[in-house]
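Colleague: I've got a model open and want to talk it through with you. Shall we go through it piece by piece?

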Amino acid sequence: MFLGILRYCGDAPGSEQISQAQAIETAQKLLHQGLKRPELRDELYMQLVKQTRGNPSSGSRSKAWGLFNLVSASMPPSKDFTGLISEYVHSAVQDMEEGEEAKEAAAATWASLKRSTKCGPRRTLPSVEEIVAHISGVKLTTIVFFLDETFEEVAYDITTSVAEAVEQLAGLIRLQNFQTFTLYEAVRPVNPKLNPEPLPDEHLLLDEHRYVADIVAELRHPRVVREGCQSRLLFKKRMFR
């Protein structure tokens, strides 16, 4: 695992000229290890602490903080390590001797850590597209529909939750009292062999702490198409019973 971190930072033998594609592949493998095996997450965090603390190379240190940010956005440490990691990242943000690039990455890591600690780990492995966007500071977009078949484009990143997307949508349509509104997955059967007669959409309530990126990844999964269903995001008033 530490060798992967060194490779990402260009510190492993033969990795001095590592390409962006190779770096992203390395980062995705580290994320896969942490998401698939929760017992390795704290080890991954501690190795990132090791690589960012007292690293004499400013370039390597900045890359390590960028990877630290990506890991923090994808999964939190265990409860036993949350305090330790949080204190370390916060102290790095306040370190007056740290370079600006590393401090900015540490501040982004602090923000990502707070969000993942609240919402938990990603359910799907961040895609190459997501990782590139996160590293570049660019947001991805997806379409959310309304009941009248109009729609809006919502921006999201690795850590954007359903609750944050709802607030963003409310701002776009100038809806002030949006507390009773939320996102649903609207599922529509589209296989004429299984369903010769048109059936109404099924609206599945989405938990406000779920990540939009996870939902988008699941909606795009080929399994959904094979099962003869078409799914999309829907913004509407919450139904109370």
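Colleague: Which side chain does R232 join in a polar contact, and at what distance?

Modeller: First, the ground rules: this is a predicted model, where local features need pLDDT of at least 70, side-chain atom pairs count only at pLDDT 80 or more, and totals for chains, interfaces and linings use all residues. Residues are numbered from 1 along each chain as its sequence is written, and side-chain values use heavy atoms, with hydrogens and water left out. A polar contact is a pair of N or O atoms within 3.5 Å; within protein, one must be able to donate a hydrogen and the other to accept it, and residues adjacent in sequence count only if both atoms are side-chain atoms. By that rule the side chain of R232 pairs with that of E149, at 2.8 Å.

Colleague: Is R232 buried or exposed?

Modeller: Buried means under 20% relative accessible area, exposed over 50%, and partly exposed in between, with a 1.4 Å probe and protein chains only. R232 sits in strand β5, residues 229–237; strands here are DSSP E runs of at least two residues and helices are H or I runs of at least four, numbered from the N terminus. Contact means heavy atoms within 4.5 Å, and R232 touches F145, E149 and D201, among others, leaving aside residues up to four places away in sequence. With a relative accessible area of 19%, R232 is therefore buried.

Colleague: And what is the phi of E149?

Modeller: E149 lies in the loop between β1 (140–145) and β2 (151–156), and those two strands form a hairpin with five residues between them. E149 is partly exposed, at 42% relative accessible area. Although E149 is not a glycine, its phi is positive, at about 75°.

Colleague: R174 also has a positive phi; is R174 buried or exposed?

Modeller: R174 is found in the loop between α8 (162–172) and β3 (181–189), and its phi is about 60° although it is not a glycine. Its relative accessibility is 76%, so R174 counts as exposed.

Colleague: In what order do the five strands form the sheet?

Modeller: Two strands pair if DSSP finds at least two bridges between them. β1 and β2 pair in the antiparallel sense over six bridges, with F145 opposite F151 in β2. β1 and β5 pair in the parallel sense over two bridges, and V144 stands opposite L233 in β5. The pairing is mixed and the sheet open, in the order β2-β1-β5-β3-β4.

Colleague: Which are the edge strands?

Modeller: Neighbouring strands of this sheet are turned by 45° against each other on average, direction ignored. Each edge strand pairs on one side only, and these are β2 and β4 (202–205).

How values were computed:
Axes are lines fitted to C-alpha atoms, for helices over the stretch in contact, and angles run from 0 to 180 degrees between N-to-C directions.
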